[in-house]
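We will go from a pair of helices to some aromatic rings.

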Amino acid sequence: MDTTAFDLSPAQADIQARARAFGEKWAPMATQIDREDCAPIADMVRDTVDMGLAGITIPVEFGGKGLSAIEFALAIEAACRAMKSWMAGDILFATTCTGPSVIMMSHNEAAHAKYLPRIAAGELTASIALSEPAHGSAVTDIETTAVLDDDEIVINGSKRFITGAPDYDLYITFVRLNDTPGMKGIGAVIVEKGTPGFTLGNGPEYMGSRGSKHGDLTFTDCRIPKDNLLMGEGSFPTLMQAFNMERLYISALCLGLAAGAFDEALAYSNERTQFGRPVNEFQSIYHLIAEMWTQIESVRYLTYKAAMTAEKGKFPKPLDVSVAKLHSADMARDVCWKAMQILGGNGLITGFPPERCFRDVIVSSIAGGTMQVLKNTIAAQVLGKKLDQRR
């Protein structure tokens with residue numbers, strides 16, 4: 001299975017190869033990272049810098065690679081496929097995905113100059129902070145407040161399930177800037193780790209997607225410079241464009257992990273013999289392999305399309321990327337489960353890649369928009385009307 005049918009440019013093939021090498025380097029540690037729920041994040045980020053994988057979409061003038069969403073998707077897929085762990089994608093997420101995207105799309109030139117070069121250099125990692133204890137999918141109901149006080153902004157509230165917390169350095173935080181209800185009062189600020197009044201916790205332990213935490217953020221009269229306002233009230237629709245990048249990330253991650261599980265199952269089916277012949281000569285396994293291949297290839301087309309049609313090359317279109325993310329999460333769970341079946345009893349043993357990949361893709365049904373929310377997004381654009389969720 002390869003991507004030659006898409007006629008990759010030399011630059012695209014190169015970043016794909018480097019991402020594969022990154023995943024292969026860290027593959028021997030995948031089981032340990034998963035078991036201990038702790039990854040050497042600083043070392044992995046340093047490797048992305050050395051291997052030219054940091055800040056893939058950050059403009060060249062800020063030290064980034066200046067590439068587009070398709071190169072990002074290719075890198076995520078290749079790294080996750082090679083490592084057979086979500087951590088390969090998470091490390092690339094830290095310098096390219098949702099957090100850096102919000103900084104790039106803001107008109108805050110001071111923030112561009114202050115943060116983007118350091119993110120591209122791997123000196124800073126950035127996450128996005130939206131979900132709250134009382135508000136998951138109801139994103140326009142967030143309660144975390146940010147109030148201007150002279151030259152500072154005072155933040156109060158809490159966030160939950162934040163990827164990279166407490167290890168990442170920067171948190172692009174969605175806040176309510178005034179009393180206007182709904183999306184009109186929402187904007188975004190950037191908060192640095194270590195800021196007084198800002199505390200970080202490990203959060204709950206996940207069944208999969210382990211190694212980097214999904215932690216809790218608490219703001220108690222946390223003061224930041226007013227220059228850290230990235231987007232003011234009324235910018236919510238623009239801010240949500242960054243989540244289209246996260247949905248692309250999840251789609252590519254699912255694609256890579258499913259392909260990695262498939263690779264393991266295919267090799268096992270060639271080597272494992274029962275009743276005097278390889279198990280892939282039994283029609284039940286033969287058909288599973290055909291089904292898995294077809295499922296993976298279908299998501300590859302959807303994912304690449306979403307990336308290639310991205311606006312300005314950076315921000316995937318909502319309909320395309322929602323379709324890709326919806327289908328990828330379903331596909332990856334099913335393909336990883338089929339891979340586990342092909343491995344038989346070994347497929348249920350922790351430490352075997354298909355089992356880990358299966359647990360890693362479970363979160364993809366929730367993160368970046370639940371399956372139900374994505375269906376609403378898709379239907380709203382196809383029908384040209386939105387459902388009133390408050391009825």
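This is a predicted model: local features need pLDDT of at least 70, side-chain atom pairs count only at pLDDT 80 or more; totals for chains, interfaces and linings use all residues.

Numbering starts from 1 along each chain as its sequence is written, and side-chain values use heavy atoms, with hydrogens and water left out.

The axes of H4 (residues 69-83) and H10 (residues 283-308) come within 7 Å and cross at roughly 145°. Axes are lines fitted to C-alpha atoms over the stretch in contact, with angles from 0 to 180 degrees between N-to-C directions. Show side chains next: in H4, Ala 69, Ile 70, Ala 73, Leu 74, Glu 77 and Arg 81 meet Arg 300, Tyr 304, Ala 307 and Met 308 of H10 (heavy atoms within 4.5 Å).

Now pick Phe 174 and Phe 243, both buried (under 20% relative accessible area; exposed is over 50%, partly exposed in between, with a 1.4 Å probe and protein chains only). Their rings form an edge-to-face pair, 5.8 Å centre to centre with 70° between the planes (centres within 6.5 Å; planes over 60 degrees apart are edge-to-face, under 30 stacked, the rest tilted). Phe 174 sits in strand S4 and Phe 243 in helix H9, so the pair ties together parts 69 residues apart in sequence.

Finish at Phe 275 and Phe 282, also an edge-to-face pair, at 6.3 Å and 75°. Phe 275 is exposed, while Phe 282 is partly exposed at 22%.

Note on methods: Rings of Phe, Tyr and Trp (its six-membered ring) pair if their centres lie within 6.5 Å; planes under 30 degrees apart count as stacked, over 60 as edge-to-face and the rest as tilted. Helices (H or I, at least four residues) and strands (E, at least two) are DSSP runs, numbered from the N terminus.
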